[in-house]
Amino acid sequence: MAISLAALVGVHSLHLTKAGLAETTWHHDINWVAVTELEDPQRFLNGGELVLTTGMRLRSAFEQRRFVRQVQRAGAVGIGFGIGLTHDAIPPALLAEANRWGLPIVEVPYETPFIAIGKLVADAQSADHFAKLERLIAGHQILARALLTGGGLAELLKHLGGMLRTDIALTQFTAQLYNSTKDHPTADKWASYPVPTGRRDACTLWVRHPFEDSGIIGYAQNLISVELNNMVKQRQAQRALCGQVIEDVIQGALETSEAQRRLAGVGVNSTRKNVVLLAVSAAHHKALVSTSVPQLLEHEVAAAVGKDLVVVINDDGAGAPALARSLSDHLAEAGIHATIGIGGAYTKPNGLRWSYFEARDAARHGLPVNEPERLSLTSLLLASEDVPLADMAHESLDPLRAFDAAHGAELLTTLESYLNNNGSVAAVAEALTLHRNTVRYRLAQITELTGFDPAVTADRVQLWLALAVARLGARQG
C-alpha cells in the first residue's frame with residue numbers, strides 16, 4: 001500500500017525523526033521521492049512528493065525560507081532534510097518557515113542514504129499497484145462470470161454496484177433496462193458512461209456519486225456492449241419467427257385452430273382481446289425491425305412483418321393510444337422517424353387480422369400516432385378470407401398501370417384525385433393543373449380501359465376500394 005510520512009518515520013531502520021510542528025500532510029500518501037539540491041525545484045515537481053535535500057545551496061535564511069515556499073506551492077507532502085553533510089542540523093529559518101506554511105519536516109541522519117527512502121516508497125507504490133491489479137482482475141472475473149452463467153445485464157450490474165458500493169442504472173433511449181434504486185439518474189448526482197454498440201441500441205451506464213473507479217467501469221462498459229449486441233441478434237431472430245406466424249394469420253393461410261395454436265406458440269393468446277400497433281418507417285425500416293421497444297412494451301409480442309414492426313398487445317383498446325405514444329417517443333429518441341397505426345381490439349385469429357389491417361389503414365394518415373377509424377370497411381374486407389379483394393384490385397387497376405407505363409399518362413393519379421375530391425372535375429383540374437376537358441377525357445379513358453365509370457356510384461366504390469387495397473398492399477410489401 002502507498003506509504004505516508006507518518007508511516008515512513010515509523011520504519012525504524014531508516015532512523016528518521018519528525019522535526020517541527022506541522023502535520024497538515026503528515027498522513028497523506030507519498031506519490032514519489034524527489035531528490036534535489038536546487039534553490040527553486042518547483043517547476044520539477046508535480047505534487048505529492050517527499051522532497052529530499054541536504055541544503056547544499058541553502059546557505060542563507062532567505063534562501064532557506066524561499067525553498068520551503070517553493071516546495072509547499074508545488075504541493076509536496078513534506079521535506080526530508082539530510083544532516084551531517086552541509087548542515088549539522090536543520091536550519092532554524094527553514095524549520096520556522098515550514099511551521100508557518102504547515103509543511104512537515106523530517107530529519108534524515110547522515111547514515112541513512114536517500115536511495116533507501118526512495119526504494120521504500122517505490123516498493124510501497126508497487127505493492128499498492130499490484131494489489132489494485134489483483135482486485136481489478138478478480139472484479140473482471142466476477143462480472144464476466146455473472147454474464148456468462150446466464151444472469152444477463154441485471155446480474156452483471158448488481159455485482160458492479162456491489163464493487164463500487166453505490167447505485168447503478170442502465171438506460172436506453174426512453175427505457176430503463178436496470179436500476180438498483182427507484183431514483184431516476186440525474187447529471188448532478190450520477191456519473192454517466194456511454195456504452196456504444198455500433199448500432200442504434202446505444203445505452204448509458206449511470207453510477208451514483210460518491211464512488212471510486214479503479215478501472216472496473218471501463219471493463220463493465222465493454223461487457224455491456226457485447227451483451228447488447230447479443231440481445232439485438234436474439235431480438236431479430238425472435239421477431240422474424242413471430243413475423244412468419246403473424247404473416248400467415250394475416251394472409252388467411254391457416255385454419256382457425258392451427259392459427260390459434262401457432263399464435264400461442266409465439267406468446268399471443270387469441271382467446272382474449274388483442275390490439276395491433278403497427279410502426280412504419282420508409283427511411284429507417286432496417287433499424288425499425290431490430291430496435292428495442294419501451295419498457296412498457298418489453299413483455300409484449302413484437303414481430304417483423306415485411307418492413308414494418310408489429311407489436312401485439314393484450315388490451316381492450318383503452319390503453320392502446322398511450323402505449324402507441326410511448327412507442328413513438330421511444331423510436332424518435334432512437335433517431336427512427338416512424339408512423340404508428342393502432343388497430344381495434346378483437347378476439348380470435350381473424351380478429352388479429354382485422355386489427356392489423358385497421359392499424360395499416362390508420363398509419364396511412366401519416367401522423368406520429370394514428371388511431372383506427374370506426375369500422376373501416378377496407379380493413380374488414382381485407383381481413384375476410386371470403387372476399388378476393390386483392391385480386392379485384394389488380395383486375396381493376398392493371399389496365400390503367402399498363403396504359404400509364406406505355407404512354408407516360410397519369411390516369412391513376414387522375415382517378416385518385418377525382419375520388420379524393422368527391423367527383424369534382426373542377427377540383428381535379430385545379431389540383432393537377434389541367435384543363436377541365438383534359439380531366440373529362442382522362443375519365444373517359446379510365447371507363448373504357450377498366451369498364452368502370454367513376455361517375456357512377458357503384459363503379460366509384462369499386463374503384464375506391466381497389467385504390468385502397470393497392471395502397472395497403474404497397475405498404476405491406
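**Whole model.** Start with everything shown. This is a predicted model. It holds 15 helices and 14 strands. The radius of gyration is 39 Å, well over the 23 Å that the globule rule gives for 477 residues, so the protein is more spread out than a compact globule.

The accessible area is about 23700 Å², and carbon and sulfur atoms supply 52% of that. Now colour by burial. Of the 477 residues, 47% are buried. Among contacts with a separation of 6 or more, 66% link residues 24 or more positions apart.

**The sheet.** Select strands E6, E7, E8 and E9. They form an open sheet in the order E7-E6-E9-E8, with antiparallel pairing. Which strands lie at the edges? Pick 175-179 for E7 and 190-195 for E8; each of these pairs on one side only. Look across the strands next. Neighbours in this sheet are turned by 20 degrees against each other on average, direction ignored.

**The E6 and E9 pair.** Zoom in on residues 168-172, strand E6, and residues 203-208, strand E9. The two run antiparallel and are joined by four bridges. Show Leu-170: the residue opposite is Leu-205 in E9.

Technical notes: Residues are numbered from 1 along each chain as its sequence is written. This is a predicted model: local features need pLDDT of at least 70, side-chain atom pairs count only at pLDDT 80 or more; totals for chains, interfaces and linings use all residues. Side-chain values use heavy atoms; hydrogens and water are left out. Two strands pair if DSSP finds at least two bridges between them. Axes are lines fitted to C-alpha atoms, for helices over the stretch in contact, and angles run from 0 to 180 degrees between N-to-C directions. The radius of gyration is taken over C-alpha atoms; the globule rule is 2.2 Å times the number of residues to the power 0.38. Buried means under 20% relative accessible area, exposed over 50%, partly exposed in between (1.4 Å probe, protein chains only). Contact means heavy atoms within 4.5 Å. Accessible areas come from the Shrake-Rupley method with a 1.4 Å probe; for residues, only the protein chains shown count as cover.
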